[in-house]
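Please keep the model open while reading.

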Amino acid sequence: MSSVPQYLTGDKQGIKAFLDKFDVFLFDCDGVLWSGDHVFPGTVETLSLLRSRHKQVVFVTNNSTKSRADYKKKLDSLGIPASVEEIFGSSYSAAIYISRILQPPPHKRKVFILGESGIEAELDSEGIPHLGGSDPAFRRDITPADYQAIAARDASMIDPEVGTVLVGLDHHVNYLKLALAYHYITGPNQATFLATNIDSTLPSAGALFPGAGSMSAPLIMMLGGPGREPLSLGKPSLRGQISLRPQKGVHGGRSREHGYHLWDRGRVGRHVGRLDRCGQ
């Protein structure tokens, strides 16, 4: 049986009791703290209140197209105080997973990217070599010669050192990239299939558009459908990555998430510890 939401507006004692239960507050960004260039009322004040109570604030986003440095610039432009260390994006999460958990062998360290420059920047920050992504050489139509080279596993098309395929939101996804990703996963490379996140859609301009999960969907179908999904490294699969940062003090029973999609919320809660007793 679910608990009845407790609305705390105007209840100073209730707010204090609620805040005392948590050390870390995780906030989604787009559509929660701001929309476009509009900061929602109370955002800056709420964050200031939490910091004045010595709470740790973490900005969490599934937007893989931006790096932490990009998000820092966005937060600065909106007048929201933040440090790069307080920002936790799905691209950074994926980079941490590959470098510190997956730890591919030296001859399989390269990552083939379906995605944008945000992924590339975070892989660079972890010293992980990569190809694909925003490289213009992959933003083109496939040719008859490409079919032949891929099928023959010509090194000019299939890099033998690729050990991971990482899929995020790619505004330039095309047949060539999908074909290469498929052959890296199924061919002799046997590349690990990862995704920054599996959000099917994303909101923008008051409507929904294809999300990062729509980029990996064709590969899932090519690989055989259900059961062949990539390991997702964004919301809600955050605990493993955040736990790698003990200096941030993120602990399961003392963390609170705000603003995730209903589809994410229960799963995030199971990962970082959820106490659902506050009306949003």
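## Tyr184 and its contacts

Leaving aside neighbours within four places in sequence, Tyr184 is in contact (heavy atoms within 4.5 Å) with Phe112, Leu131, Met157, Ile158, Asp159, Val162, Val165, Asn189, Gln190 and Ala191.

This is a predicted model: local features need pLDDT of at least 70, side-chain atom pairs count only at pLDDT 80 or more, and totals for chains, interfaces and linings use all residues. Residues are numbered from 1 along each chain as its sequence is written, and side-chain values use heavy atoms, with hydrogens and water left out.

## Nonpolar cores

Tyr184 belongs to the largest nonpolar core, which has 27 residues. A nonpolar core is a set of buried Ala, Val, Leu, Ile, Met, Phe, Trp, Tyr and Cys residues joined through side-chain atoms within 4.5 Å. Buried means under 20% relative accessible area, exposed over 50%, partly exposed in between (1.4 Å probe, protein chains only). Phe112, Ile150, Val165, Leu180 and Tyr184 have the most contacts inside this core.

At least two residues each come from β6 (110–114), α6 (144–151), β8 (162–167), α7 (175–186) and α8 (212–223). Helices (H or I, at least four residues) and strands (E, at least two) are DSSP runs, numbered from the N terminus. The top contributor is α7, with seven residues. A second, separate core of 19 residues includes Leu33, Leu50, Phe59 and Leu78. In soluble globular proteins, nonpolar side chains tend to be buried together.

## Helix α1

Helix α1 spans residues 12–20, and Gly14, Phe18 and Leu19 are buried in it. These three sit on the same side of α1 because they cover an arc of only 130 degrees around the axis. The arc is taken from the directions from the helix axis to the C-beta atoms. Exposed Lys12 and Gln13 are on the face turned away from that buried side.

## Annotated sites

An unreviewed UniProt entry places the feature "active site" at Asp28 and Asp30. UniProt positions follow the numbering used here, feature names are shortened, and annotations may be inferred rather than shown by experiment.

Asp28 lies in strand β1 (residues 24–28). Its relative accessible area is 8%, so Asp28 is buried. The side chain of Asp28 makes a polar contact with the side chain of Lys235 (2.6 Å). A polar contact is a pair of N or O atoms within 3.5 Å; within protein, one must be able to donate a hydrogen and the other to accept it, and residues adjacent in sequence count only if both atoms are side-chain atoms. Asp30 lies in the loop between β1 and β2 (34–35). Asp30 counts as partly exposed, at 39% relative accessibility.
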